[in-house]
Amino acid sequence: MEVLEGLESNVRSYSRSFPAVFSRARGSVMLTEDGRKLIDFLSGAGALNYGHNNHQIKTAIAQYLESDAVVHGLDLATPAKLEFMKTFCSVILQQRDLKYRFQFTGPTGANAIEAALKLSRKVTGRQNIISFTRGYHGMSLGALAGSANRSYRTASGVALSGATFMPYDGYLGPGVDTAEYLQRVLTDESSGIDRPAAILVETIQGEGGINVASREWLQAIQATAKSVGALFVVDDIQMGCGRTGDFFSFEFAELSPDIVVLSKSLSAYGLPLSMLLIKEELDVWEPGEHTGTFRGNNLALVSATAAINIYWRCRKFSQEVRRMGELMRNGLEAIASKRANCFAVRGRGLISGFDCQTTQIAQMTTSKAFQKGLVVERCGPVGQVIKFLPALTIDTETLGRGLEIFEESLDEALD
Ligand SMILES: *Cc1c(COP(=O)(O)O)cnc(C)c1O
């Protein structure tokens, strides 16, 4: 820890909340150098949907390395890339009646968001992006312009422009239809809001506090985008790749986004990989107009293909994720309802937020949980929501044990 404090920039974050040296991990369990065993409900902030070092996926990576196949090739064609595209097309897209082109971007989610916003502006010739209160889309300046958190925005050091924030579903309480408000200001010739190139939305806001948009709200937002000639862009970086039960988080609302942004768990092994899915007619890029050294890294494409083949060829995995999600949510709701505090539980599939209402309770609970063997993080505007993000492959017993630790920790925090 002295090495960290002495040598790593003050900007480090997770190593403060979870002060340990993590040496090994498998599935939903992490081991520390001093011999502690922790259950992982953080899952690399959503980059480890299939667990740590998933052995089936690891085999594919190991074989690829062993064969001296091309690991880095910029965006040159390789068998790994062709295989990924074919598999993603037939197993993920065609089964859902979706048709998209692939754009491999730089490895971060933020870079993929940049590409999505650039493309939307290029297609429409407009500048404004509609994004939503509590939305989070990454740290580079374009993505940050569409992200709501004040402290992140301030840290940019320049004026962030080109985005207008509208209230997300439920932001103004259950009585106000914020989709209707958006429709109103975008169709009124004198609302003061510039015509947007894109409406950029998360179906569930991950960093923003596990705010869950309804099917009707999402459909209305998509319809508004269409009627005002804006691209409908879904940021599925955290909620995609099976987190909500379906591969895409928007399937339940039967949406047809113009652009889908994927990253975090796309590689399925924690390797960096990001991509856009673009409707064919919107693919107006000139060759090389958005580029990057690490586009579609082959090792990540190999693990991504393996995960699709292992988990997404039949419906069973989705059903299992939903079942485990319900177990988790029922467990959390029981914990909330047993206590007099105004705790709220939100989520869908295997993502849940436990809203403690105050930063202090949430913070004390997660730090006690860490001492007792559970890694779980906080989100929301002031870190008042505890975010449950277990691996989709977690077993019932480990999930139950994690929830027990959480409940004990909450009680100690309330004492
Ligand atoms: C994590 C995240 C991003 C940013 O991805 P990075 O890889 O950290 O740049 C963007 N949008 C959402 C919804 C995210 O969860």
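Which elements cover the buried residues of α9? The cover includes β5, β6, β7 and α10.

## Basis of the description

This is a predicted model, in which local features need pLDDT of at least 70 and side-chain atom pairs count only at pLDDT 80 or more, while totals for chains, interfaces and linings use all residues. Residues are numbered from 1 along each chain as its sequence is written, and side-chain values use heavy atoms, with hydrogens and water left out.

Helices (H or I, at least four residues) and strands (E, at least two) are DSSP runs numbered from the N terminus. Buried denotes under 20% relative accessible area, exposed over 50%, and partly exposed the range in between (1.4 Å probe, protein chains only).

## Domains

The domain assignment, automatic or from a database, divides the chain into domain 1 (2-54 + 315-414) and domain 2 (58-311). The C-alpha centres of domain 1 and domain 2 lie 25 Å apart. Across the boundary, 32 residues of domain 1 are in contact with 32 residues of domain 2.

In α9, the buried residues are Thr-178, Ala-179, Leu-182, Val-185 and Leu-186. These residues cover an arc of only 130° around the axis, so they sit on the same side of α9; the arc is that of the directions from the helix axis to the C-beta atoms. Exposed Glu-180 and Arg-184 are carried on the face of α9 turned away from that buried side.

Helix α10 (residues 215-227) has 13 residues, which at 1.5 Å a residue should span 18 Å; its end C-alpha atoms are 18 Å apart, in agreement. The expected span is 1.5 Å times one less than the number of residues. Trp-217, Leu-218, Ile-221, Gln-222, Thr-224 and Ala-225 are the buried residues of α10. Their arc of only 160° around the axis puts them on the same side of α10, whereas Glu-216, Lys-226 and Ser-227 are exposed on the other side. The elements covering the buried residues of α10 include β5, α9, β7 (196-201) and β10 (231-235). Gly-229, which follows α10, has a positive phi near 75°.

## Helix α13

The 14 residues of α13 (residues 359-372) should span 20 Å at 1.5 Å a residue, and the end C-alpha atoms are 20 Å apart, which agrees. Ile-361, Ala-362, Thr-365, Thr-366, Ala-369 and Phe-370 are buried in this helix. Viewed down the axis of α13, the buried residues fall within an arc of 165°, so they line one face of the helix.

Gln-360 and Gln-371 are exposed on the face of α13 turned away from its buried side. Just after α13, Gly-373 adopts a positive phi of about 110°.

## Aromatic rings and charges

Rings of Phe, Tyr and Trp (its six-membered ring) pair if their centres lie within 6.5 Å; planes under 30 degrees apart count as stacked, over 60 as edge-to-face and the rest as tilted. By this rule there are 23 aromatic pairs. The rings of Phe-132 and Tyr-168 have centres 6.1 Å apart and planes at 70°, so this pair is edge-to-face. Phe-132 belongs to strand β5 (residues 128-132) and Tyr-168 to the loop between β6 (163-166) and α9 (178-187), so the pair ties together parts that are 36 residues apart in sequence. Both Phe-132 and Tyr-168 are buried.

Ring pairs also link residues into a cluster, among them Tyr-50, Phe-84, Phe-248, Tyr-311 and Trp-312. A charge sits over a ring if NZ of Lys or CZ of Arg is within 6 Å of the ring centre and within 35 degrees of the ring normal. Arg-36 lies over the face of Phe-370, at 5.1 Å from the ring centre, and Arg-348 lies over that of Phe-252, at 3.6 Å.

## Loop residues

Leu-98 is located in the loop between α5 (79-93) and β4 (101-104) and, at 14% relative accessibility, counts as buried. Leaving aside residues up to four places away in sequence, Leu-98 touches Leu-93 and Phe-248. The C-alpha atoms of Leu-98 and Ser-256 are separated by 7.8 Å, although these residues are 158 residues apart along the chain.

Most residues other than glycine have a negative phi. Asn-53, not a glycine, has a positive phi of about 45°; Asn-53 lies in the loop between α3 (43-46) and α4 (55-66) and is partly exposed at 31% relative accessibility. Arg-134, likewise not a glycine, has a positive phi of about 70°. Arg-134 lies in the loop between β5 and α7 (141-145) and is partly exposed at 35% relative accessibility.

How values were computed:
Contact = heavy atoms within 4.5 Å.
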